[in-house]
Amino acid sequence: MISLAFWGGAWAVALCCVIGRLRLPWTSYVAWTAFGAILPSIVALFVVLPLKGAPIAGGWSPTVIATALLLNGVWGFGAALLLRGFEPARR
């Protein structure tokens, strides 16, 4: 749990630096969802799994890949919602 929280925060900081300056609400949600689905999934499938002794990309299982993309995409959308809530009110 601590590791997931740490890496979720690390990814949020990294993505905020990359796409945090977008000002149109719908583009930031789309960008966070897309980048959240793609970047963390690539790292998990091609770096983390092999380091843990599992085959690359879960043995190319469509279920493993789809699950990684879906879960990380939902995380990206949720992170965009949370960050939008922490922004100061615009006048």
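Which element gives the most residues to the nonpolar patch? The answer is α2, with 9 residues. The structure is a predicted model, in which local features need pLDDT of at least 70 and side-chain atom pairs count only at pLDDT 80 or more, while totals for chains, interfaces and linings use all residues. Residues are numbered from 1 along each chain as its sequence is written, and side-chain values use heavy atoms, with hydrogens and water left out.

We can start with the overall fold. The chain holds 4 helices and 0 strands, and its pattern along the sequence reads α-α-α-α. Helices (H or I, at least four residues) and strands (E, at least two) are DSSP runs, numbered from the N terminus. Of the 91 residues in the chain, 21% are buried. Here buried stands for under 20% relative accessible area, exposed for over 50%, and partly exposed for values in between, with a 1.4 Å probe and protein chains only.

The nonpolar surface patch comes next. Its area is about 1100 Å², and it is made by Phe35, Ile38, Leu39, Ile42, Val43, Phe46, Val47, Val48, Leu51, Ile56, Trp60 and Leu69. Patches consist of residues with over 30% relative accessible area and no salt bridge, with nonpolar side chains (Val, Leu, Ile, Met, Phe, Trp, Tyr) joined within 5 Å and like charges within 9 Å. A salt bridge is a side-chain nitrogen of Lys or Arg within 4 Å of a carboxyl oxygen of Asp or Glu. Accessible areas come from the Shrake-Rupley method with a 1.4 Å probe, and for residues only the protein chains shown count as cover.

Several patch members deserve a look of their own. Leu51 sits in helix α2 and counts as exposed because its relative accessibility is 72%. Phe46, also placed in helix α2, is partly exposed, at 38% relative accessibility. Trp60 belongs to helix α3 and is exposed, with a relative accessible area of 55%. Phi of Trp60 is near 60°, a positive value in a residue other than glycine.

Helix α3 covers residues 57-60 and includes Ala57. Phi of Ala57 is also positive, near 55°, again in a residue other than glycine. Ala57 counts as buried, since its relative accessibility is 1%.

Back in helix α2 lies Thr33, which is partly exposed at a relative accessible area of 27%. Thr33 and Ala79 are 46 residues apart in sequence, yet their C-alpha atoms are 8.7 Å apart in space.

The closest to its centre of the 17 lining residues are Leu4, Trp7, Pro40, Ala44 and Asn72. Two or more lining residues come from each of α1 (2-19), α2 (25-51) and α4 (62-86), and α2 gives the most, with 6 residues. The lining divides into 13 nonpolar, 3 polar and 1 charged residues. In this scheme Ala, Val, Leu, Ile, Met, Phe, Trp, Tyr, Cys and Pro count as nonpolar, Asp, Glu, Lys and Arg as charged, and the others, Gly among them, as polar. On a 1 Å grid over the protein atoms alone, a pocket is an open set of points where a 1.4 Å probe fits, with protein on both sides within 12 Å along at least five of seven lines, and lining residues have an atom within 4 Å of a point.
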